[in-house]
Amino acid sequence: QKVAFLGHPRITGMTGLLNSAEVKVDTTVLPAKISAMTAEQFTTMVSKILGEYHLNSNGTSMPDTFVIPTADYLGLGVPYTSDYPNISRLQFLLDLFRGMTANPNFRILPLSYAEATRNASAGLNKNRYVLYKNDPETLAMNIPVDITVLNPGTTNNFQFSQVAYGQYSGVLIPRKREVIYFDAQS
């Protein structure tokens, strides 16, 4: 899991979903965690986030997945505003994304590795939000050689040993413009 989201710490260039150097990072749209925003900040963020993605993709793509830190996701159960106590911020965001992208399958997913405390070991140390198109042509993590376990053997006719091998990659993002990072300022 850690390699899939943060890359491999000892292999240069093997990045994960959250830390590709080739993906644009926006630090202006999220002035704070979504669950901690004031109503005005939330409304402003909502009005800008899809526009930033659209601009980043040169108007050629719409996202279908929004990954956010788990702690923030769990805080989105609060009402959208005091004027609308019957709809949560999570439901409002989900309805907005589904309506604006014309995709009823749009998903908002929690990810603990997106939290600053969890990704600090990889040098990120940011609450990172990722808006992307979940398509194998946009991003993928390959396993070119599946784990293969060879037959057990013994060198002393008493103790058995067994060898296994496999291969995997970091997250490959061939269509970098269909992925955008948003970092919360606080």
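This is a predicted model: local features need pLDDT of at least 70, side-chain atom pairs count only at pLDDT 80 or more; totals for chains, interfaces and linings use all residues.
A search of the whole structure returned seven aromatic pairs. One of the pairs joins Phe 42 and Phe 92, whose ring centres are 5.9 Å apart; the planes meet at 55 degrees, so this pair is classed as tilted. Phe 42 has a relative accessible area of 0% and is buried. Phe 92, at 23% relative accessibility, is partly exposed, because the limit for a buried residue is under 20%.

Phe 92 also pairs with Tyr 80. Here the rings are stacked, with 4.2 Å from centre to centre and 10 degrees between the planes. This pair too links distant parts of the chain: Tyr 80 lies in strand E3 (residues 79–81) and Phe 92 in helix H4, twelve residues apart. Tyr 80 is buried, its relative accessible area being 12%. Phe 92 thus takes part in a tilted pair with Phe 42 and in a stacked pair with Tyr 80.

A cluster is formed by Phe 66, Phe 97, Phe 106 and Tyr 129, which are linked through ring pairs.

Charged side chains were also found over aromatic rings. Arg 89 is placed over the face of Phe 42, 4.7 Å from the ring centre. In Arg 118, the charged end sits over the ring of Tyr 113, at 4.5 Å from the centre of that ring. Phe 42 therefore has a ring partner in Phe 92 and Arg 89 over its face.

Notes:
Residues are numbered from 1 along each chain as its sequence is written. Side-chain values use heavy atoms; hydrogens and water are left out. Rings of Phe, Tyr and Trp (its six-membered ring) pair if their centres lie within 6.5 Å; planes under 30 degrees apart count as stacked, over 60 as edge-to-face and the rest as tilted. Buried means under 20% relative accessible area, exposed over 50%, partly exposed in between (1.4 Å probe, protein chains only). Helices (H or I, at least four residues) and strands (E, at least two) are DSSP runs, numbered from the N terminus. A charge sits over a ring if NZ of Lys or CZ of Arg is within 6 Å of the ring centre and within 35 degrees of the ring normal.
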